[in-house]
Amino acid sequence: MPLTPAQALDERVSLELESVRAAGAYKTERVIGSTQGARVRLVDGRELVNLCANNYLGLANDTRLVEAAAEALRSHGLGLASARFICGTQDLHKTLETSVAEFLGTEDAVLYAAAFDANGGLFEPLLGEPDAVISDELNHASIIDGIRLCKARRWRYRHNDMADLERCLKEARQGGARSTLVFTDGVFSMDGTIAQLDRIKTLCDSHGALMGIDECHATGVLGPQGRGTHAHFGLVGQVDLITGTFGKALGGASGGFTACSYRVADLLRQRSRPYLFSNTLAPPIVGASLCALQMLREDGARVKRLAAHALRFRAALEGLGYTLKPGSPPIVPVMLGDEHMAKKLAARLLALGLYVVSFSHPVVPRGQARIRVQLSDAHSEADLQLAIAAFAQAGHELGIGASRVPQHIN
Ligand SMILES: *Cc1c(COP(=O)(O)O)cnc(C)c1O
């Protein structure tokens with residue numbers, strides 16, 4: 001009997017899944033039975049120190065934020081059942097847009113259901129065939145997809161390589177580009193690399209290009225009061241486009257934004273498809289995000305404590321002989337190189353009470369397998385001590401660390 005269309009699809013999907021497994025890229029999901037926090041409880045009852053969330057400021061279960069969300073829920077309801085331009089804009093949404101713009105030093109900001117959508121809807125309305133867009137090769141998937149949707153000519157430069165960026169700028173200029181936009185992650189999540197915004201800015205200026213950054217791993221983390229990569233480099237007011245998320249340091253729920261000039265915001269509200277054809281951000285998330293920005297403005301102590309925590313953890317691991325990549329302090333890539341070793345170490349650390357994940361090819365280049373540790377302001381002294389002790393023990397058992405000759409990685 002011939003296969004039904006559904007059976008034929010299942011068969012093809014099974015083959016695809018097998019090839020994902022064969023590539024060692026199959027992802028499984030551990031199920032958490034608690035809130036997101038410095039420690040999490042899995043549904044099987046195990047409690048682990050969580051070292052793999054983007055919950056940099058520990059706001060995901062912060063009482064003040066949860067209360068702000070509940071208050072917005074009571075005063076503004078569950079949601080708007082509409083896109084913004086039909087009947088989905090409340091006072092809270094306008095307040096949050098103003099607040100994001102003020103925090104980042106731009107004229108205006110536009111809210112999206114996710115940063116993925118902010119990036120997905122950014123390039124197509126602004127850049128057409130006469131324009132050029134130049135992108136770091138390690139930019140986030142949502143930037144890559146957003147760029148694919150626009151008709152501008154595209155260039156990709158080698159990760160963080162300023163000479164290669166300059167080559168692209170020259171080529172775009174020689175090609176007669178009308179507008180040229182250089183776009184980069186502010187902080188790259190896998191490596192913790194901080195984009196060299198000062199040098200990128202100089203290059204953009206000398207080639208008449210615009211500069212845009214994705215601040216998902218930088219807002220709430222880098223710069224004074226966590227205002228971001230541009231603030232870290234003293235470039236507030238000098239970046240043309242900033243995209244970011246409410247789903248990481250700023251509370252960990254969801255939602256994103258593009259911060260930009262009044263005019264650009266105006267056009268995005270007219271033309272950006274994920275904005276036009278998707279539901280309004282839910283009021284509880286808006287309330288919580290407003291509260292998160294307020295907390296950062298009032299008190300930069302969390303951001304400073306996070307950096308101090310991270311530096312202490314980095315120093316401890318280096319002291320144990322681990323090889324780390326330098327970069328944004330709370331992202332600590334522990335480099336193992338060998339994929340099996342990275343998997344073994346992650347499994348051992350899990351048994352010792354740490355929630356960590358190993359990353360190997362194709363998520364990171366071959367031979368650069370790693371465990372990416374992410375620190376949070378919410379981690380207590382006891383959490384850090386437990387984490388460091390576990391790395392010491394597992395490293396000793398597996399012969400990693402002091403016994404190994406440290407290799408230098410850029
Ligand atoms: C997480 C992330 C996104 C997506 O953010 P969401 O709000 O979860 O959609 C986009 N860009 C970068 C660089 C990210 O790290």
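Helices (H or I, at least four residues) and strands (E, at least two) are DSSP runs, numbered from the N terminus. By that scheme, helix α5 (residues 115–120) gives the most to the shell around the ligand, with three residues. This is a predicted model: local features need pLDDT of at least 70, side-chain atom pairs count only at pLDDT 80 or more, and totals for chains, interfaces and linings use all residues. Residues are numbered from 1 along each chain as its sequence is written, and side-chain values use heavy atoms, with hydrogens and water left out.

**Ligand site**

- The ligand is surrounded by 13 residues. The closest are Ala 115, Phe 116, Asp 214, Thr 245 and Lys 248. A residue counts as near a molecule or strand if one of its heavy atoms lies within 4 Å of it.
- Polar contacts are pairs of N or O atoms within 3.5 Å; within protein, one must be able to donate a hydrogen and the other to accept it, and residues adjacent in sequence count only if both atoms are side-chain atoms.
- Asp 214 uses an N or O atom of its side chain, 2.6 Å from a nitrogen atom of the ligand.
- Thr 245 places a polar side-chain atom 2.7 Å from an oxygen atom of the ligand.
- Ala 115 takes part through its backbone: an N or O atom there lies 2.8 Å from a ligand oxygen.
- On its own, the ligand has 390 Å² of accessible area, and the protein covers 83% of it. Accessible areas come from the Shrake-Rupley method with a 1.4 Å probe; for residues, only the protein chains shown count as cover.

**Salt bridges**

- The whole structure holds 24 salt bridges. Each is a side-chain nitrogen of Lys or Arg within 4 Å of a carboxyl oxygen of Asp or Glu.
- Lys 94 and Glu 97 pair at 3.4 Å, N to O. Both sit in helix α4 (residues 91–104), three residues apart, about one turn of the helix. Lys 94 is partly exposed at 39%, while Glu 97 is buried at 1%.
- That pair also belongs to a network of salt bridges, which links Arg 84, Lys 94, Glu 97, Asp 108 and Arg 269.
- Asp 164 and Arg 167 pair at 2.7 Å, N to O. Both lie in helix α8 (residues 162–174), three residues apart, about one turn of the helix. Asp 164 is buried at 7%; Arg 167 is partly exposed at 34%.
- Arg 305 and Asp 377 pair at 2.8 Å, N to O. This bridge links distant parts of the chain, 72 residues apart. Arg 305 is in helix α14 (residues 301–319), and Asp 377 is in the loop between β14 (369–374) and α16 (381–398). Arg 305 is partly exposed at 43%, and Asp 377 is buried at 9%.

**Cysteines**

- There are zero disulfides in the structure. A disulfide needs a pair of cysteine sulfur atoms within 2.5 Å.
- The sulfur of Cys 168 has its closest cysteine sulfur in Cys 204, 11 Å away, so the two are too far apart for a bond.
- Cys 168 is buried, with a relative accessible area of 0%. Cys 204 is buried too, at 1%.

**Surface patch**

- Leu 9, Val 13, Leu 17 and Tyr 26 form a nonpolar patch on the surface. Together they have about 320 Å² of accessible area.
- Patches are made of residues with over 30% relative accessible area and no salt bridge; like charges are joined within 9 Å, nonpolar side chains (Val, Leu, Ile, Met, Phe, Trp, Tyr) within 5 Å.
- Tyr 26 lies in the loop between α1 (5–22) and β1 (39–41). This tyrosine is partly exposed, at 39%.

**Backbone features**

- His 361 and Pro 362 are joined by a cis peptide bond, with omega about 10°. Pro 362 is in the loop between β13 (358–359) and β14.
- Asn 160 has a positive phi of about 65°, although it is not a glycine. Asn 160 sits in the loop between β5 (153–157) and α8, partly exposed at 24%.
- Gln 225, not a glycine either, has a positive phi of about 55°. Gln 225 is in the loop between β7 (210–214) and α10 (229–232), and is partly exposed at 26%.

Methods: Buried < 20%, exposed > 50% of the residue type's maximum accessible area, 1.4 Å probe, protein only.
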